[in-house]
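Subject: Structure handover

Hello,

Here is the structure I said I would pass on. My notes on it follow below.

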Amino acid sequence: MSTDTATSEARPIVLKVLLRGRHLQSYRAFCREYDKVAERVDKSLRGGAPSKAQFYRWLSGDMVGLPYADHCRILEAMLPGWQAEQLFEPHDGGIEFVPEPPSATPEQPEETRLEPEVRRAPYGSQIGEEFTLSVPRAEFGEAKIDVFSLPNPQPGSLLDLNWETFGLGIERLGSQIKNLGSRLDVDICFGINEAGLVMATFLSSSRFSRCPIGYLRCNKVRGGIELDDASVFPESKDHPTIVLCDFEVKHSDAIGYLAKQVRERYPTADLYFAVFGAMTHGDDPRAYSFDDLAGVQNLRKADFSAIFIAATMSPPGIEPPLELR
């Protein structure tokens with residue numbers, strides 16, 4: 001069964017019906033039209049069509065939030081009269097009936113309109129575009145992982161994550177670990193500070209056969225961080241496989257320092273790194289390559305066997321639920 005046929009069994013969304021009506025429901029035809037529209041709208045977007053997997057997720061409606069802003073621009077230009085939000089709504093008519101663009105809705109009364117600075121994303125809709133990112137891997141070179149971006153509706157402020165977004169990120173890390181290519185038998189899963197400890201607890205239970213959980217509690221000092229005496233280092237066999245779990249990675253070399261501390265205690269360890277959010281260099285929350293990450297040099301120097309990343313975000317960063325530190 002083809003992907004397109006499979007997605008048609010579910011209740012279709014407006015985008016699927018419109019593309020079908022224009023004979024653009026196949027991935028190849030859609031990409032050709034995408035580039036034609038990009039040439040007219042913004043030439044820099046030519047060649048930037050979504051991946052095949054992402055395209056069919058669009059058609060199935062299996063998304064949280066909307067595609068990345070540039071994709072929305074192209075879709076709205078490709079389908080005049082439709083807004084991106086409307087394109088991803090369920091379609092109530094027959095699959096062969098191509099709907100007309102909805103009439104303009106009356107402007108919201110002045111007294112009830114929310115100002116942009118107080119508008120918040122609805123629960124569960126913090127996730128932006130999903131994309132594929134190539135990350136370093138000791139065995140067989142680079143590997144591709146599925147990552148999602150975290151657009152910030154209030155640039156300059158930390159993005160407060162809700163529990164659903166936090167949970168989806170941990171699930172995404174678990175999926176990347178599951179699809180590593182071989183079973184990852186972990187001896188210790190370390191959580192870095194409280195948010196990392198939550199991540200380590202879930203991953204240990206769901207992916208690592210309830211392996212022992214370690215704890216790296218960090219204190220900020222002038223010029224960097226140091227380990228608190230409350231840190232916990234479980235006993236392990238020789239040549240252990242260890243996963244470090246951190247909530248976010250930015251510019252500092254905190255992860256390099258922590259990897260060194262762990263290697264001093266487990267000299268023959270094979271280290272892996274799982275991080276919820278990796279910061280990009282600029283205002284774009286998406287990383288188009290691994291080198292677009294702010295901490296890329298530190299991650300490379302840490303020499304991890306594999307790196308797992310759930311999401312990318314722009315400065316100043318993200319805040320976990322309950323302000324877990």
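A nonpolar core, as the term is used here, is a set of buried Ala, Val, Leu, Ile, Met, Phe, Trp, Tyr and Cys residues joined through side-chain atoms within 4.5 Å. Please keep in mind that this is a predicted model.

The cores

The largest nonpolar core has 34 residues, and those with the most contacts inside it are Leu150, Leu184, Phe208, Val243, Phe276 and Phe308. Two or more residues of this core come from each of helix 7 (163-178), helix 8 (193-206), strand 8 (241-249), strand 9 (270-279) and strand 10 (307-313). There is also a second, separate core, with 33 residues, among them Ile188, Ile242, Phe273 and Leu293.

In which order do the 7 strands of the open sheet lie? The order is 1-2-10-9-8-4-5, with mixed pairing. Strand 1 and strand 5 (213-216) are at the edges and have a single partner strand each, so one side of each lacks a neighbour in the sheet. On average, neighbouring strands of this sheet are turned by 25 degrees against each other, direction ignored.

Helix 7 packs on the sheet, where it touches strand 1, strand 2 (143-149), strand 8, strand 9 and strand 10. The direction of helix 7 makes about 145 degrees with that of strand 10.

Two of the strand pairings can be given in more detail. Strand 9 and strand 10 run parallel and are joined by 6 bridges; Ala278 has Thr312 in strand 10 as its bridge partner. Strand 4 (residues 188-192) pairs with strand 5, also in the parallel sense, over 4 bridges, and Gly191 stands opposite Tyr215 in strand 5. Between strand 4 and strand 5 the chain passes through helix 8, and this β-α-β crossover is right-handed.

Is Phe131 buried or exposed? Its relative accessibility is 4%, and buried means under 20%, so Phe131 counts as buried. Leaving out residues up to four places away in sequence, Phe131 touches Ile145, Asp146, Val147, Phe148, Ser149, Arg286, Ala287 and Thr312. Thr312 is also the bridge partner of Ala278. From Phe131 to Tyr68 the C-alpha to C-alpha distance is 9.5 Å, while the two are 63 residues apart in sequence.

Regards

Technical notes
Residues are numbered from 1 along each chain as its sequence is written. This is a predicted model: local features need pLDDT of at least 70, side-chain atom pairs count only at pLDDT 80 or more; totals for chains, interfaces and linings use all residues. Side-chain values use heavy atoms; hydrogens and water are left out. Buried means under 20% relative accessible area, exposed over 50%, partly exposed in between (1.4 Å probe, protein chains only). Contact means heavy atoms within 4.5 Å. Two strands pair if DSSP finds at least two bridges between them. Axes are lines fitted to C-alpha atoms, for helices over the stretch in contact, and angles run from 0 to 180 degrees between N-to-C directions. A crossover is right-handed if, with the strands pointing away from the viewer, the path from the first strand over the helix to the second runs clockwise.
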